[in-house]
Amino acid sequence: MAIAIDASTPALANSVDTAPTASFTAPAGSLLVALCAFGGGTGTNTIANSGTALTWAPRVNHQVGEDSGAFAGTVTIFTAVAPTAVARTVTATAASGGSQVSLKLLVITGADVANPVGAVGENHSTTANLTAAAYTSTVAASRAVGIATDSNADTTPTSADVGFGIATITDDYSGIAVYKAADTATAGSAVTLNFNGTGGSRTWNWAAIEILPAVVPFLAPRPLILGQAINRAAYI
């Protein structure tokens with residue numbers, strides 16, 4: 001089963017302090033990937049869901065002060081598994097009040113839910129139309145997803161990949177959540193994601209992860225029974 005973005009994926013949520021998705025019903029056993037952006041300080045930003053609490057794992061985070069030259073605006077990617085097909089919402093909440101919060105929740109089928117993430121990448125850049133070197137793929141048939149913020153908050157970005165532009169609300173940032181339209185064919189491939197802010201100066205913080213495909217179980221060949229071998233030989 002190939003990796004796919006399920007039709008139950010809700011629209012981008014972009015608000016202040018908290019960003020809840022619309023209610024959605026993900027297929028049982030699907031992977032939920034939360035592409036989050038937060039403005040303001042450097043405290044602990046959180047992710048949660050309605051109904052029975054899911055186990056949300058932070059996979060990659062990039063924020064001001066994390067490395068030399070990183071800009072304001074935090075990007076974090078979380079994952080969780082939806083064990084049952086029930087209606088739920090997901091909400092991202094900023095550590096500090098008055099901050100812009102953005103959440104693009106992806107419902108993904110065909111992923112390895114036991115071990116969903118391979119390579120990760122994060123960095124910052126001032127290149128306006130940035131094609132970021134996200135990571136080197138670890139397996140064949142994986143899928144790249146990512147998110148970027150621009151603390152200059154210039155016009156809403158676009159992407160050569162599948163993108164969901166984030167408009168500025170509080171002058172914290174603009175940004176974009178993205179994913180590749182197709183799986184990466186082979187392991188060891190240099191994978192890129194495009195964050196296009198042409199038309200203004202940009203201060204990108206970005207993060208990306210590799211979604212791994214479900215493992216196909218190996219089926220050993222059935223042993224040949226002696227009688228079958230004799231009967232087959234009679235017709236050769």
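**Entry 1. Salt bridges**

I began with Asp150 and Arg202, whose side chains meet in a salt bridge at 2.8 Å, N to O. For this term I used a side-chain nitrogen of Lys or Arg within 4 Å of a carboxyl oxygen of Asp or Glu. The pair links distant parts of the chain, 52 residues apart: Asp150 lies in strand S14, and Arg202 in the loop between S17 and strand S18 (204–211). Both Asp150 and Arg202 are buried. I took buried as under 20% relative accessible area, exposed as over 50%, and partly exposed as in between, with a 1.4 Å probe and protein chains only.

I noted that the model is predicted: local features need pLDDT of at least 70 and side-chain atom pairs count only at pLDDT 80 or more, while totals for chains, interfaces and linings use all residues. Residues are numbered from 1 along each chain as its sequence is written, and side-chain values use heavy atoms, with hydrogens and water left out.

How many salt bridges does the structure hold? I found three.

Another of them joins Asp183 to Arg143, with the closest N and O atoms 2.6 Å apart. This pair also links distant parts of the chain, 40 residues apart: Asp183 is in the loop between strand S16 (174–179) and strand S17 (190–196), and Arg143 is in strand S14 (residues 143–150). Arg143 has a relative accessible area of 7%, so I logged Arg143 as buried.

I then looked up Asp161 and Lys180, whose side chains form a salt bridge at 3.0 Å, N to O. Here the two parts of the chain are 19 residues apart: Asp161 sits in the loop between S14 and strand S15 (162–166), Lys180 in the loop between S16 and S17. Both Asp161 and Lys180 are buried.

**Entry 2. The open sheet**

Two strands pair if DSSP finds at least two bridges between them.

In what order do the strands of the open sheet run? I read five strands in the order S12-S18-S14-S16-S15, with antiparallel pairing. The edge strands are strand S12 (117–125) and S15, each of which pairs on one side only. From one strand to the next the twist averages 10°, where axes are lines fitted to C-alpha atoms and angles run from 0 to 180 degrees between N-to-C directions.

S15 and S16 run antiparallel and are joined by five bridges. Val162 stands opposite Tyr179 in S16.

**Entry 3. Strand S11**

I turned to strand S11 (residues 100–109), which is mostly covered, with ten of its ten residues buried. Both faces are covered: Gln100, Ser102, Lys104, Leu106 and Ile108 are buried on one side, and Val101, Leu103, Leu105, Val107 and Thr109 on the other.

Which strands pair with S11? I listed these:

- Strand S1 (residues 4–5) pairs with S11 in the antiparallel sense over two bridges, and Ala4 stands opposite Thr109.
- Strand S2 (residues 13–16) runs antiparallel to S11 and is joined to S11 by four bridges; the partner of Ser15 is Val101.
- Strand S5 (residues 30–38) is joined to S11 by eight bridges, also antiparallel, and the partner of Ala37 is Ser102.
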